[in-house]
Amino acid sequence: MPLDHKKRVLVVHYSQTGQLSRLVSSVVAPLREAPGIEVKFVNLETKNAYPFPWSFFSFFDVFPEAVYLDPPELKNIGLREDEKFDLILLAYQVWFLAPSLPVTAFLKSEIAEKVLRDTPVVTLIGCRNMWAMAQETVKQLLAACGAKLVDNVVLVDQGSNLASFVTTPRWLLTGKKDAFWWFPPAGIADEQIAEASRFGLAMREGLAADKEKTGLPMLSGLRAVTADVGLIKSEKTGYRSFRIWGRLIRMFGAPGDPKRKPVLLIYVVFLLVLIITVVPVNMAIKRLLASRFREKHQAMKEYYELPSGSGEERMDEFQCQN
Ligand SMILES: Cc1cc2nc3c(=O)[nH]c(=O)nc-3n(C[C@H](O)[C@H](O)[C@H](O)COP(=O)(O)O)c2cc1C
């Protein structure tokens, strides 16, 4: 790639605990080392910062706005409307089955509409394990900006669904991330973050070959995303309930309004009962009936794994760097 034709890559992200920042650094490292690529970072910041660790009320209080995509005010993004990029990497975490509010605010901003238009976008998700509904929303927001989604990479928290049901909220509500009892540490495993540099290597190679212009994925065959049909069904149920309760809670006041507290409390109890009862029963029934719905489930898995897929055939080609 001649130096006077540098490819411009924009990396947009927000991170509360720094986990997504570490993931972004790992993925982007090979791009930053490439002489033919210029990387620009946008670290989103909201005017009113979200607390970490979260208090019980502040944590649940963000869910109505997250689900209704009601954007908070962002600090200056540091992008010009006329800036153009060859590729945009949009890294985000999920908040209540929706993109986190700072990322929603970016996607709904006027500047994003201009900068994203006609530009290939790679989404990079780092979350507990429920990301499918959020990605559907992000796809719609990207389409509204006229952007082209070419790849999606998803990394989820270590341990079983049951383990992260305990470790992730413990981390978010107390700041404690360490292993305890028989639980693993909270968050995405360090090795997974380190090995995510394979995506940067593949993007570097793709950019050198102008692959981003084809609209085809650059990250297939690298185990970019593995969808769990059982979890997606639970997400669909959860999302419906978030919409109903979110609307109700928003009637009681704006974010932070103490009048929202009693309704939020009732909802949290309802949600816990739902998670402890409906979710496992739902998943068990789905597993039992899996053979009868194999084709339908396979089609669903493939749909949610688009565009990059869960294939592993190119894993050896892109050795882990770090
Ligand atoms: C308010 C809130 C809601 C969350 N909801 C979800 C969720 O619905 N699905 C999920 O997989 N992870 C969820 N998470 C976990 C985040 O996606 C993410 O893994 C964690 O917040 C660490 O991200 P960070 O890089 O911002 O520190 C939630 C986190 C927060 C703070």
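Helices (H or I, at least four residues) and strands (E, at least two) are DSSP runs, numbered from the N terminus. By that convention, proline 307 sits in the segment after helix H12 (294-304). The model is a predicted one: local features need pLDDT of at least 70, side-chain atom pairs count only at pLDDT 80 or more, and totals for chains, interfaces and linings use all residues. Residue numbers start from 1 along each chain as its sequence is written. Here is a friendly tour, from the overall fold down to single residues.

**Overall fold**

- The protein contains 12 helices and 7 strands.
- Its C-alpha trace spans about 60 × 50 × 35 Å along the principal axes.
- The radius of gyration (taken over C-alpha atoms) is 20 Å, and this agrees with the value near 20 Å for a compact globule of 322 residues; the globule rule is 2.2 Å times the number of residues to the power 0.38.
- Of the 322 residues, 39% are buried, where buried means that 20 or more other C-beta atoms lie within 10 Å of the residue's own, exposed means 12 or fewer, and partly exposed is in between, with C-beta atoms placed from the backbone.
- Among contacts with a separation of 6 or more, 83% link residues 24 or more positions apart; two residues are in contact if their C-beta atoms, placed from the backbone, lie within 7 Å.

- The chain divides into domain 1 (3-226) and domain 2 (231-300), with bounds that come from an automatic or database domain assignment.
- Between the C-alpha centres of domain 1 and domain 2 there are 23 Å.
- At the interface, 15 residues of domain 1 are in contact with 16 residues of domain 2.
- On the domain 1 side, helix H2 (56-61), helix H3 (63-67) and helix H6 (132-144) each provide at least two residues, and H3 gives the largest share, 4 residues.
- That side of domain 1 has 12 nonpolar, 1 polar and 2 charged residues; Ala, Val, Leu, Ile, Met, Phe, Trp, Tyr, Cys and Pro count as nonpolar, Asp, Glu, Lys and Arg as charged, and the others, Gly among them, as polar.

**Around the ligand**

- The shell around the ligand has 20 residues, of which Thr17, Leu20, Gln93, Cys127 and Arg128 come nearest; a residue belongs here if its C-beta atom, placed from the backbone, lies within 6 Å of the molecule.
- Two or more shell residues come from each of helix H1 (19-33), strand E4 (94-95), strand E6 (120-127) and helix H7 (161-174).
- By class, the shell holds 11 nonpolar, 8 polar and 1 charged residues.

**Strands and their pairing**

- Strand E1 (residues 7-13) has 6 of its 7 residues buried, so the rest of the structure largely encloses it.
- E1 pairs with E2 in the parallel sense over 7 bridges, and two strands count as paired if DSSP finds at least two bridges between them.
- Within this pairing, valine 12 has valine 42 in E2 as its bridge partner.
- Strand E7 (residues 148-156) is mostly covered, with 8 of its 9 residues buried.
- E6 and E7 are also parallel, joined over 8 bridges, and leucine 124 has valine 153 in E7 as its bridge partner.

**A closer look at valine 39**

- Valine 39 belongs to strand E2 (residues 37-43).
- This valine 39 counts as partly exposed because 19 other C-beta atoms lie within 10 Å.
- Leaving aside neighbours within four places in sequence, valine 39 is in contact with Val9, Val11, Val28, Leu31 and Arg32.
- Histidine 5 is 34 residues from valine 39 along the chain, and their C-alpha atoms are separated by 13 Å.

**Backbone details to check in your viewer**

- Phenylalanine 52 and proline 53 are joined by a cis peptide bond with omega about -10°; proline 53 is in the loop between E2 and H2.
- Another cis peptide bond runs from leucine 306 to proline 307, with omega near -5°.
- Tryptophan 181, a residue other than glycine, has a positive phi near 45°; tryptophan 181 lies in the loop between H7 and helix H8 (190-195) and counts as exposed because it has 5 C-beta neighbours inside 10 Å.
- Arginine 223 is not a glycine either, yet has a positive phi of about 50°; arginine 223 is in the loop between helix H9 (197-208) and helix H10 (229-251) and counts as buried, with 20 C-beta neighbours inside 10 Å.
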